[in-house]
Amino acid sequence: MDIFFQQLFNGLTIGSVYSLVALGLTLVYGILHIPNFAHGALYMMGGYITLTMMQTLGLYYWLAIFVSIVVVGLIGVLMERLVFHHLRHAPPIHDKIAAIGMLLFLEAFAHRVWGADYLEMATPHGQVVSVFGITFTLQRLIIIVAAVLVMFTLYLFLKKTYMGMTVIAMSQNRAGANLVGVNTNKVAMLTFFISGALAAIAASLSSPINLVFPGMGHLVILKAFVIIIIGGMGSIPGAIVGGYILGFTESLGATYISSDYKDIIAFILLVLILTIRPNGLFAKGGQS
Amino acid sequence: MLKLNNVSVNYGAFTAVKNVDIEVHPGEIVVLLGSNGAGKSTTFNSISGLNKPSSGEILYDEQNIVGFPPDQIVNLGIIQCAEGRNLFPGMTVQENLMMGGYVHRKNKIHVKERLEEVYEMFPILKEKHNESAGSLSGGQQQMVAIGRALMGDPQYMLLDEPSIGLAPLIVEQMFAKIKQINDGGTSILLAEQNANAALKIADRGYVFENGQIAVQGTAEELLTNEEVRKAYIGA
């Protein structure tokens with residue numbers, strides 16, 4: 001039984017990271033109606049910037065994360081301003097091509113600056129904790145707590161502030177947002193900032209238990225796509241629940257089926273859920 | 001005063017609106033009549049900055065607002081309640097109305113007062129304030145749309161086909177509310193196919209045909225005009 005709870009805990013850890021990444025992806029999808037393939041590259045940049053801040057400037061872990069949030073958020077804003085904004089009247093395929101272009105650009109950039117090596121990120125929270133027969137490093141607990149805090153703050157922001165409500169309003173009806181006086185350019189920039197910030201948080205939290213390398217975003221972004229498809233494209237609760245569903249399925253599957261198949265599980269889950277609910281778990285029916 | 005001077009709007013090679021002159025004086029209700037596709041909505045969207053006229057000017061108190069972004073036009077006090085309503089379907093009724101007060105977001109007390117006024121005008125919305133806007137009936141959604149526009153404190157309100165798809169009894173109530181809003185000091189530009197009901201509350205009107213203004217006059221003139229009666233009133 002212990003191993004079951006241990007794996008449940010691990011599922012909670014990876015699920016938290018997945019949810020954060022998927023949230024950023026789904027927010028941008030809601031605004032632009034395109035899948036931002038470059039989101040995984042933002043995640044990767046988040047890992048590298050936190051690491052660089054810690055190693056070269058000697059910043060403390062949390063301070064480094066803060067810098068990373070701001071920098072990656074701004075990279076997101078730049079993406080919107082320099083690329084997507086100019087494509088707003090172009091056919092959707094152009095956005096997708098541009099997104100892949102930015103993904104390649106950022107990865108090549110990382111190769112050039114940081115090299116292809118797998119780097120480790122040290123955490124000040126490496127202590128081993130043992131509670132109720134579950135053993136884990138403090139970092140894993142921190143991932144869960146921090147992710148939940150971030151998601152809760154984001155929820156309050158989107159639901160209770162005018163600024164946050166503009167993001168939801170624009171994703172539900174762009175013309176409607178225009179007609180109440182919302183500046184849709186500003187909302188698009190804000191959304192990209194949040195999206196980049198969430199990717200940076202996710203990467204910075206998970207890097208100490210994974211590794212930092214140019215391709216670190218690949219599998220994460222693929223899974224984030226699976227999550228937002230499962231949860232319903234553009235749905236915020238869907239992204240959160242989907243992230244945890246995937247986290248649990250993976251960690252339990254790795255234990256009880258085989259760890260070799262860990263990464264396949266996500267895609268089997270995708271096929272299963274889409275067979276039963278083709279619009280995703282949280283898709284709203286019946287409204288235009 | 002809101003004044004359109006010789007406005008034309010093209011969609012590619014197609015001219016949707018051609019050399020249109022419209023005036024709305026403070027305190028007036030002015031109605032635009034015309035069948036589907038005659039150019040009413042296009043005209044509205046030009047005023048709101050959602051599309052750009054290819055020529056002509058749109059003057060708001062002597063200032064040409066052509067080229068202003070939509071949010072700035074809302075800030076000036078010209079607010080459109082669009083055909084199809086453009087609500088935020090997943091938000092609650094109250095959240096939709098609050099978004100209508102977005103331009104006054106810094107003045108929380110003002111927004112709150114406006115909200116009470118809208119609830120007073122449409123008591124059913126208060127009852128349903130916590131339900132999602134997408135779950136309401138057509139008539140109630142139209143009330144949310146009008147209420148949301150009112151939340152922005154419009155000087156000029158553009159109402160695009162508020163009666164579309166509504167039951168006759170509800171249509172009558174809706175026009176009574178529009179008159180009530182006008183009595184409160186808001187000038188109204190109303191696009192309608194229901195000419196009879198619209199002309200009863202309007203001061204003046206314009207008849208659109210194929211993107212051009214075919215007839216214009218006071219409400220009484222239009223009500224007694226033979227052509228207008230034949231084409232839009234059916235008597």
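**A close look at α2 of chain A**

Modeller: Let's start with handedness: α2(A) and α4(A) cross in a left-handed way, meaning that the near helix is turned anticlockwise from the far one by less than a right angle (clockwise would be right-handed). Keep in mind that this is a predicted model, where local features need pLDDT of at least 70 and side-chain atom pairs pLDDT 80 or more, while totals for chains, interfaces and linings use all residues. Residues count from 1 along each chain as its sequence is written, and chains are lettered from A and ligands numbered from 1 in the order written. Helix names follow DSSP runs numbered from the N terminus (H or I, at least four residues; strands are E, at least two).

Back to that pair. The axes of α2(A) and α4(A) come within 9 Å and cross at roughly 20°, with axes fitted to C-alpha atoms over the stretch in contact and angles running from 0 to 180 degrees between N-to-C directions. That makes α2(A) roughly parallel to α4(A) (under 35 degrees; over 145 is roughly antiparallel, 65 to 115 roughly perpendicular, the rest oblique). On the α2(A) side you'll find A:Gly40, A:Ala41, A:Met44, A:Met45 and A:Tyr48; they meet A:Met102, A:Leu103, A:Leu106, A:Glu107, A:Ala110 and A:Trp114 in α4(A). Contact here means C-beta atoms, placed from the backbone, within 7 Å. By class, these residues are nine nonpolar, one polar and one charged (nonpolar is Ala, Val, Leu, Ile, Met, Phe, Trp, Tyr, Cys and Pro; charged is Asp, Glu, Lys and Arg; the others, Gly among them, are polar).

Now for the other partner. α2(A) and α3(A) pack with their axes 8 Å apart, at an angle of about 140°, which makes α2(A) oblique to α3(A). This crossing is right-handed. From α2(A), the contact uses A:Leu42, A:Met45, A:Gly46, A:Ile49, A:Thr50, A:Met53 and A:Met54; from α3(A), it uses A:Tyr61, A:Ala64, A:Ile65, A:Val67, A:Ser68, A:Val71, A:Val72, A:Ile75 and A:Gly76. The tally is 12 nonpolar, four polar and no charged residues. A:Met45 turns up in the contact with α4(A) and in the one with α3(A).

What about α3(A) itself? Its 22 residues (61-82) should span 32 Å at 1.5 Å a residue, and the end C-alpha atoms are 31 Å apart, which agrees; the expected span is 1.5 Å times one less than the number of residues. Buried residues in α3(A) include A:Tyr61, A:Ala64, A:Ile65, A:Ser68, A:Val72 and A:Glu80, where buried takes 20 or more other C-beta atoms within 10 Å, exposed 12 or fewer, and partly exposed falls in between. The buried residues of α3(A) pack against α2 (39-56), α4 (92-114) and α8 (184-206) of chain A.

One last stop is A:His33, in the loop between α1 (2-32) and α2 of chain A. Most residues other than glycine have a negative phi. A:His33 has a positive one, near 60°. With 13 other C-beta atoms within 10 Å, A:His33 is partly exposed.

Note on methods. Two residues are in contact if their C-beta atoms, placed from the backbone, lie within 7 Å.
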